[in-house]
There are 2 protein chains.
Amino acid sequence: MPRTPEANQRIREAQRAKILDSARRVFARKGMEATIADIAADAQISMGLAYRYFADKEAIFAALVQQTLSDGPSMTQKLLQVPGTPGQRLATLISHIVAARGRPETLEVYQLLNHALYAGAMPDDMRERLGKHYQMLLETMKQLIIEGQASGEVAPGDPDQLVAIMGAFLDGLTRWAVQDPEQFNTYVPDAEIILRLFKPCAEEKSSSERLSS
Amino acid sequence: MPRTPEANQRIREAQRAKILDSARRVFARKGMEATIADIAADAQISMGLAYRYFADKEAIFAALVQQTLSDGPSMTQKLLQVPGTPGQRLATLISHIVAARGRPETLEVYQLLNHALYAGAMPDDMRERLGKHYQMLLETMKQLIIEGQASGEVAPGDPDQLVAIMGAFLDGLTRWAVQDPEQFNTYVPDAEIILRLFKPCAEEKSSSERLSS
């Protein structure tokens, strides 16, 4: 019995996902030197089959970045729909960002983006879209900080500066996780400690609040 | 009247310092592609004169790293001799580290180290000594955190984790300052905000301390 068009479509999608999965690992490990042959070997398929899905390794790389650009923002949106006060949502967002750096797939994505940026192999439009995605994340944090400061949940301080500090911190965290995943997973930062940056101390509350606490 | 040997020595030292000053700028801007010709041009001297001080550009590069390795630890030692409680000394150390990233010369050093590390152009012994210097800095922070926690000046938390977080944060801060010095100097982080990571809240002090404050 011949396969139905739906079954064929499912097989094609699974094959494509498998190639991208291998490509993520291979690009993360070898950088932009990775070849279609390396990717096909990792996926345990022939090079001919790989070429039926992607014209060249640049197309595979573009598809990986595309995937990151689709997954990232939708994850951020999902996190922001979690119910709670601004302070709780900020805590959820930051905890997720920190925890994500402990996962091998996320690390591989950061590694390959890092290779591509350094090698100048990132097309301008992708670089721009990645930049916008990152800006959106920082804007969201800023909004939650401003709302949290208004409700007294978040410590005072210039929101732009707090966001810039958090941005630098997350960048450093990513590099650490990429360079030494084992050490990172041993000392994987407790999001509670990082959130101290935003936590108002009792002395910053009004004295009546302090006495009643 | 011929110059005295002392005067000659002073002139040689000033010339060498001038070459290194230019080299720091040029390596920071051009990376390992920089040539002796670039450095001589920046220093406004002939290439022949540059070669009288350094055998090749690798020797200039090595001298720059050597300078960093001598200046860094002695600065750390000086900061640690500042009188004060462990918490105050930790605050001084971190404020200095943050402020240093706003200075062009420090940024140039970070840029050139970054180029060299990425290009694999850092000799093993230098890489090892830089690593040791960095470890010593983190060890010092850890010691101050432990002492500060004992005296109640520093918030509780695993000292290794606190140090790892601070290390990631400083790394991110360095990258930010290197990539966008202008933006960094606009939002140059207030060390007070960063020190919140270590600041115990009033509710964590004993109730008698809180009432008397």
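Trainee: Helices (H or I, at least four residues) and strands (E, at least two) are DSSP runs, numbered from the N terminus. So where is the place of Pro123(B)?

Mentor: Pro123(B) sits in the loop of chain B between helix H6 (104-118) and helix H7 (124-150). Before we go on, please keep in mind that this is a predicted model, in which local features need pLDDT of at least 70, side-chain atom pairs count only at pLDDT 80 or more, and totals for chains, interfaces and linings use all residues. Residues are numbered from 1 along each chain as its sequence is written, chains are lettered from A and ligands numbered from 1 in the order in which they are written, and side-chain values use heavy atoms, with hydrogens and water left out.

Trainee: Okay, is Pro123(B) buried, exposed or partly exposed?

Mentor: Pro123(B) is partly exposed, with a relative accessible area of 36%, where buried means under 20% relative accessible area, exposed means over 50% and partly exposed lies in between (1.4 Å probe, protein chains only). Pro123(B) and Ile194(B) are 71 residues apart in sequence, and their C-alpha atoms are 34 Å apart in space.

Trainee: Let's zoom out: how many helices and strands does chain A have?

Mentor: Chain A has 11 helices and 0 strands, and from the N terminus on its elements run α-α-α-α-α-α-α-α-α-α-α. Of its 213 residues, 43% count as buried.

Trainee: And what radius of gyration does chain A have?

Mentor: Chain A has a radius of gyration of 21 Å, whereas a compact globule of 213 residues would have one near 17 Å; the radius is taken over C-alpha atoms, and the globule rule is 2.2 Å times the number of residues to the power 0.38. Along the principal axes, the C-alpha atoms of chain A fill a box of roughly 75 × 40 × 35 Å.

Trainee: How far apart are the end C-alpha atoms of helix H5 in chain A?

Mentor: The ends of H5 (residues 86-100) in chain A are 21 Å apart, which agrees with the 21 Å that its 15 residues should span at 1.5 Å a residue, since the expected span is 1.5 Å times one less than the number of residues.

Trainee: Which residues are buried in H5(A)?

Mentor: The buried residues of H5(A) are Pro86(A), Gly87(A), Leu90(A), Leu93(A), Ile94(A), Ile97(A), Val98(A) and Ala100(A). They cover an arc of only 165° around the axis, which puts them on the same side of H5(A); that arc is the one of the directions from the helix axis to the C-beta atoms.

Trainee: New topic: where does UniProt place the "DNA-binding region" in chain A?

Mentor: The unreviewed UniProt entry places that feature at residues 35-54 of chain A; UniProt positions are given in the numbering used here, feature names are shortened, and annotations may be inferred rather than shown by experiment. Over residues 35-54 the chain is 75% helix and 0% strand, and the end C-alpha atoms are 12 Å apart.

Trainee: I spotted Gln44(A); what is its phi?

Mentor: Phi of Gln44(A) is near 55°, a positive value in a residue other than glycine. Most residues other than glycine have a negative phi. Gln44(A) is placed in the loop between helix H2 (36-43) and helix H3 (47-53) of chain A, and at 72% relative accessibility it counts as exposed. In chain B, phi of Gln44(B) is near 55° too, and Gln44(B) is exposed, with a relative accessible area of 74%.

Trainee: Which residues is Arg196(A) in contact with?

Mentor: Leaving aside its neighbours within four places in sequence, Arg196(A) is in contact with Ala155(B), Pro156(B), Gly157(B), Leu162(B), Arg196(B) and Leu197(B). Arg196(A) lies in the loop between helix H10 (191-194) and helix H11 (207-212) of chain A, and it is buried, with a relative accessible area of 14%.

Trainee: And what does Asp171(B) touch?

Mentor: Not counting residues up to four places away in sequence, Asp171(B) touches Gly172(A) and Arg175(A). Asp171(B) belongs to helix H8 (residues 159-179) of chain B and is partly exposed, with a relative accessible area of 22%.

Notes: Contact means heavy atoms within 4.5 Å.
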